[in-house]
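Dear colleague,

Please find below the structure that I am handing over to you.

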Amino acid sequence: MLIHIVEDEVSIRELESYALEKNGYEVRCFENSNDFYDEIKRRTPDLILLDIMLPGDDGLTILGKLRSESAYSMIPIIIISAKTTELDRVKGLDLGADDYMCKPFSVMEMLSRVKARLRNIPEAVPYILNFEGIAMSEGARTVTAGDVPVELTYKEYELLKMFLTSPRIVLRRDDILDKVWGRDSTGRTLDVHIRTLRAKLGEYGKYIKTVRNVGYKLDKDD
Ligand code: CA
């Protein structure tokens, strides 16, 4: 498993990389976005630890760029930042970070969050989930709607997967948030992702129904 660390502060970089290497991960460190952009083209990491305040592109810009490119949109990203307000967290998570840790942080907690994120990556088992023209190939992590390929971010994909594995069942907002985002999430995050997911599915987006005051369900009928 290869982990990239983008962090300009040498002491934190060393702390993170030492702990990860001790736990058997291969680690590459970057002081700034340019070195990181060069390297990621050569080899895609399994996970990225990302600082926000960096020289050159800051962490949120890097995050936005990665999430908008299909080759990188699925890589789990954990932000580790000294920016600790609720707004900072929401911004990071809305842009597609999988987790957000505040500095100073505990190394043990960082390791357990890294492990949790890497466990979430599904095994490459080629099975297909289908609902009324929406098809998801779990092996290839691809989605089509009416045979047209749909490019989803990591979170949008996980969200759609939850619907496709429980069609016609009402999913409670809290359950969706727990399952897809973990503890660091807000209702706004969910609504934003539902909106973009519906839009990306085009005419098939209408099958994601809002169940007032409860949550959402994937269904043909209301
Ligand atoms: Ca920094």
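**An exposed loop residue, and what surrounds it**

Asn213 is exposed, its relative accessible area being 77%. Here, exposed means over 50% relative accessible area, buried under 20%, and partly exposed in between (1.4 Å probe, protein chains only). Asn213 has a positive phi of about 65 degrees although it is not a glycine. Its place is in the loop between strand E11 (208-211) and E12. Helices (H or I, at least four residues) and strands (E, at least two) are DSSP runs, numbered from the N terminus.

The model is predicted: local features need pLDDT of at least 70, side-chain atom pairs count only at pLDDT 80 or more, and totals for chains, interfaces and linings use all residues. Residues are numbered from 1 along each chain as its sequence is written, and side-chain values use heavy atoms, with hydrogens and water left out.

**Other backbone features**

Asp147 is likewise not a glycine and has a positive phi, of about 70 degrees. This residue lies in the loop between E8 and strand E9 (148-150), and at 73% relative accessibility Asp147 counts as exposed. The peptide bond from Lys103 to Pro104 is cis, with omega near -5 degrees; Pro104 is placed in the loop between strand E5 (99-102) and H5.

**The chain as a whole**

The chain has eight helices and 12 strands. A compact globule of 222 residues would have a radius of gyration near 17 Å, and the 18 Å of the chain agrees with this. That radius is taken over C-alpha atoms, and the globule rule is 2.2 Å times the number of residues to the power 0.38. Along the principal axes, the C-alpha atoms fill a box of roughly 55 × 35 × 30 Å. Buried residues make up 49% of the 222 residues. Among contacts (heavy atoms within 4.5 Å) with a separation of 6 or more, 58% are between residues 24 or more positions apart.

**The calcium ion**

Which protein donors does the calcium ion have? They are Asp8 (OD), Asp51 (OD) and Met53 (O), lying 2.1 to 2.4 Å from the ion. Donors are N, O and S atoms within 2.8 Å of the metal (3.2 Å for Na, K and Ca); water is not among the atoms, so sites may look incomplete. Along the chain the donors follow the spacing D-x42-D-x1-M. Asp8, in the loop between strand E1 (2-6) and helix H1 (10-22), and Asp51, in the loop between strand E3 (47-50) and helix H3 (59-68), are 43 residues apart and link distant parts of the chain. Asp8 is partly exposed, with a relative accessible area of 34%, whereas Asp51 counts as buried at 3% relative accessibility.

**Nonpolar cores**

A nonpolar core is a set of buried Ala, Val, Leu, Ile, Met, Phe, Trp, Tyr and Cys residues joined through side-chain atoms within 4.5 Å. The largest has 28 residues, of which Leu160, Phe163, Ile176 and Leu201 touch the most other members. At least two residues of this core come from each of strand E6 (128-131), strand E7 (134-137), strand E8 (142-145), H6, H7, H8 and E12. H6 gives the most, with six residues. Leaving aside residues up to four places away in sequence, Leu201 touches Ile134, Ala145, Val150, Leu160 and Ile208. A second, separate core of 19 residues includes Tyr37, Ile40, Ile62 and Ile75.

**Helix H7**

Helix H7 (residues 173-181) has the buried residues Ile176, Leu177, Val180 and Trp181. Seen down the axis of H7, these residues fall within an arc of 100 degrees, so they line one face of the helix. The arc is that of the directions from the helix axis to the C-beta atoms. Asp178 and Lys179 are exposed residues on the face turned away from the buried side. The cover over the buried residues of H7 includes helix H5 (107-119), helix H6 (154-165), strand E10 (171-172), helix H8 (187-200) and strand E12 (215-218). Just after H7, Gly182 takes a positive phi of about 75 degrees.

**Leu20**

Leu20 is in helix H1 and, at 0% relative accessibility, counts as buried. Apart from residues up to four places away in sequence, Leu20 touches Ile3, Ile5, Tyr25, Val27, Leu49, Met110, Leu111 and Val114.

With kind regards
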